[in-house]
Amino acid sequence: MKVAIIGGGPAGLYSAILLKKQRPEADITVYERNRADDTFGFGVVFSDATLDNFEKYDPPSYRRITQEFAYWDDIAVHFRGTVHRVGGNGFCGCSRRQLLLILQERARELGVRLNFETEIADEARFADADLVVLADGINSRFREKHAAHFEPEVDLRSNVFAWMGSTRPLDAFTFIFQETEWGPFIAHAYQYETGRSTWIFETDPETFKRAGLTGLNEKQSADRMSEIFGWFLEGHPLLTNRSMWRNFPMIRSQRWVKDNMVLLGDAKATAHFSIGSGTKLAMEDAIALADAMQSAPTVQAALATYEHGRREEVEKTQHAADVSLVWFEHVDRFWDFDPVQFAFGVMTRAKAITYDNLTLRAPEFVSEVDKAFARHVRDQGFDADVDKPLAPMFQPLRLREMTVANRAVVSPMCMYSAEEGVPNDFHLVHYGSRALGGAGLIFTEMTCVGRDARITPGCTGLWNDAQEKAWRRIVDFIHVNSAAKICLQLGHAGRKGATKLMWDGIDRPLEQGGWDVISASPAPYFPDSQVPREMDRAAMDKVKAEFVASAERGEACGFDMLELHCAHGYLLASFISPLTNQRTDNYGGSLENRLRYPLEIFESLRSVWPSHKPMSVRISATDWAEGGITGDDAVAIARAFAERGVDLVDVSTGQTVRDAQPIYGRMFQTPFSDQVRNEARVATMCVGNITTADQVNTILAAGRADLVALGRPHLVDPGFTMRAAAWYGASDIFSPPQYLPGKEQIFRNSIRDRQDFEDLKIKAKPKTRAELKAEATKPLAAE
Ligand SMILES: Cc1cc2nc3c(=O)[nH]c(=O)nc-3n(C[C@H](O)[C@H](O)[C@H](O)COP(=O)(O)OP(=O)(O)OC[C@H]3O[C@@H](n4cnc5c(N)ncnc54)[C@H](O)[C@@H]3O)c2cc1C
Ligand SMILES: Cc1cc2nc3c(=O)[nH]c(=O)nc-3n(C[C@H](O)[C@H](O)[C@H](O)COP(=O)(O)O)c2cc1C
């Protein structure tokens, strides 16, 4: 077998090693345009998990690599004169040059041919090769040459960064967030060998310009960075090596394989440096390729297996990197946070690290986070215990004169079980049991303001006396038997109206018994959905009057709060999104115009809803579709409602157009809540695939929302909040007297269960290499 590998970086060299081990008879050549010991950049990082992989696949290179490594366990966050350290991270750093020399030596030992100073311009010279590995890095010439086939997508990010080095020793992966007169600068730094550390500097383009960095040469910009970070560098110089300022290109390719050619490493996909995964991805690609070549009958089959099997893992890492880079791009959102909360945000930005996970590793840090949260709550006039603080989920929140006892919320969920809009015993049991289960706030399902405002024939409404009476019964039950507050969500289905019950075909038009639907514009949801009538002013006035009448009935029922539903493609959402609003009058065109009618409704509701009771608005913060609403629009929308007195923005996304392409995942809508809360400076509730109390605490502690709603988890577990309270020891949670023995038991058992769980987790966790090294080098205790 003949293998040609273009590029002698980590991907190229490691794939050469693994393939040669597998097929000693194969003729494998690496072509590298640079000299053997030329290298750009300074250090690379690997997690313990990646090193475990290296140990498994090639023990000799693993041993040499780890001999050269600097280990560290802590992450240190420097911000506004404070430093917070969190242990248990298990990372290793190594010089990139050393890594490449080790891999070159190992490849040579195995009989791989290494051709340096050989630039490959055309793959035609490898016509006789069975396999051509394109490991030619981030600017891959071959990816671009075959762009029509590979279909790469390059997203050039807004922040600029430069890779430098220093002799400053570091005992932790160090983030420094530095305030300057020009704006914020960030340093990501770690040691990779004795006396050498990597320093990546990052800033936004405006700060870059204001700091006068435009046009400076490497030395001059290093001098400027030395001035900014001089207090930390303690006289150590910054070193440069092609340390130009650049924008990070986030690269994704539709295809990684063409005939017998395969893209590996940065050539196929990149991951932002803030999660330190570039070299790891490159070497793990090599592992995946070798695995595929081991088991598949032909090269073609192996390449298909590689691409198919590897893509999900790469995309997951890229997603984590995306989330992380966005956090750094928007660091100014958190600049006024309490430093410990800021540090918590840094630690938890990419979702892998959570509140519970940090509690195990760094209990004192989490205790400080809890205290800062409790202080903030106390500053709002609550009697919060700051010395022994409750977990954030169990801290109260006040909106106008309504206090919710904890931050867990039952999200609005249609039950499709009403008849003629009247809620019945099902609804009483449904809402009642969730209130008894301990949630601080319960939202009703979308309750419709008129018969023709319903989504389905099973939707609840509040336009007549029978409905009012039935709702009052539910509200009274909740107020008498629980500590929960209840919010009425009012909505109008718009063009998504007259559709089937969820279990008969969600959003599908009714075949019989439908009614005429209206919308901002006469565009149907599905091509075969009913074409809605475009609302004229008379229709707008009629619907507005219906909203007002329902709100007045809501007040008569005793609801504690009112939410206006402007999300998910229903009537008011259809005005807001440019994809569903094609009007040419004052209600179409600019966002300001598109918001006019929803704001008008909000203002009329606000004027009849008692001023001591809060109001929220639910929005779709993105349409997940080209040309639709974006996170930036959501900030503008939130501001507009906030100016008119909204107390909380309930941040959902999508469901506005049929061909949306949402990116699902754990807590997938939380970044939008974060953006709205911390840019528009308005309280938010987040929702969407949040399934654990750990996630609730992580979101709240990081300041990404003020309330957290859970929809589907509550459908199967009415006692979600009570169980979480027992786990976190929030014993003040209200329980009706009938249920007290159950509460006492779960609280008693939880202490032991939690201890057992934590012991197990600690026992099951393998020691990090840093810990092992520390143990091995510890002097024996004098006994
Ligand atoms: C300037 C710079 C500095 C960096 N510094 C660091 C750092 O300090 N720490 C870190 O973790 N990551 C760093 N990275 C990122 C990291 O190097 C990559 O994520 C990782 O090396 C990817 O490995 P790779 O093998 O896919 O690509 P690369 O390491 O980029 O290797 C590709 C190789 O292909 C060669 N090549 C390209 N085209 C041809 C051709 N036509 N013919 C022959 N050879 C060719 C290149 O010379 C290069 O050696 C840096 C990247 C750059 C661009
Ligand atoms: C069956 C069902 C009914 C829903 N009904 C409503 C509703 O009436 N009003 C609303 O604003 N959102 C509604 N939603 C959206 C939920 O409130 C919530 O935003 C969504 O389910 C995501 O949260 P989760 O992952 O916790 O379930 C509904 C969702 C489902 C699955």
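In this predicted model, three strands come together as an open sheet, with 3 strands in the order 3-7-4 and antiparallel pairing. The edges go to strand 3 (43-47) and strand 4 (70-72); each has just a single partner strand, so one side of each is left without a neighbour in the sheet. Going from one strand to the next, the twist averages 25 degrees.

Strand 3 and strand 7 (residues 91-95) run antiparallel and are joined by 5 bridges. Within this pair, Val-44 sits opposite Cys-94, a residue of strand 7. Helix 2, which takes in residues 48-57, lies across strand 3 and strand 7 and runs at about 90 degrees to strand 3. Helix 4 (residues 96-110) packs on the sheet as well, touching strand 3 and strand 7, and here the direction of the helix makes about 80 degrees with that of strand 7.

Another open sheet turns up elsewhere, this one built from 6 strands in the order 8-2-1-9-17-16, and its pairing is mixed. Strand 8 (113-115) and strand 16 (257-258) hold the edge positions; since each has a single partner strand, one side of each is left without a neighbour in the sheet. Lys-258 has Met-261 of strand 17 as its bridge partner. Helix 10, spanning residues 299-329, packs on this sheet and touches strand 9 (131-134), strand 16 and strand 17. The direction of helix 10 makes about 15 degrees with that of strand 17.

Asn-689 brings in its backbone, with an N or O atom 2.6 Å from an oxygen atom of ligand 2. Arg-712 uses its side chain instead, placing a polar atom 2.6 Å from an oxygen atom of the ligand. For Arg-618, an N or O atom of the side chain is 2.9 Å from a nitrogen atom of ligand 2. On its own, ligand 2 has 610 Å² of accessible area, and the protein covers 86% of that.

Technical notes. Residues numbered from 1 in each chain as written. Chains lettered and ligands numbered in written order. Predicted model: local features only at pLDDT ≥ 70, side-chain atom pairs only at ≥ 80, totals over all residues. Heavy atoms only, no water. Polar contact = N/O pair within 3.5 Å; in protein donor to acceptor, adjacent residues only side chain to side chain. Areas by Shrake-Rupley, 256 points an atom, 1.4 Å probe, with all protein chains shown as cover. Pairing = 2+ DSSP bridges. Helix = DSSP H or I, 4+ residues; strand = E, 2+ residues; numbered from the N terminus. Axes fitted to C-alpha atoms, helices over the stretch in contact; angles between N-to-C directions. Contact = heavy atoms within 4.5 Å.
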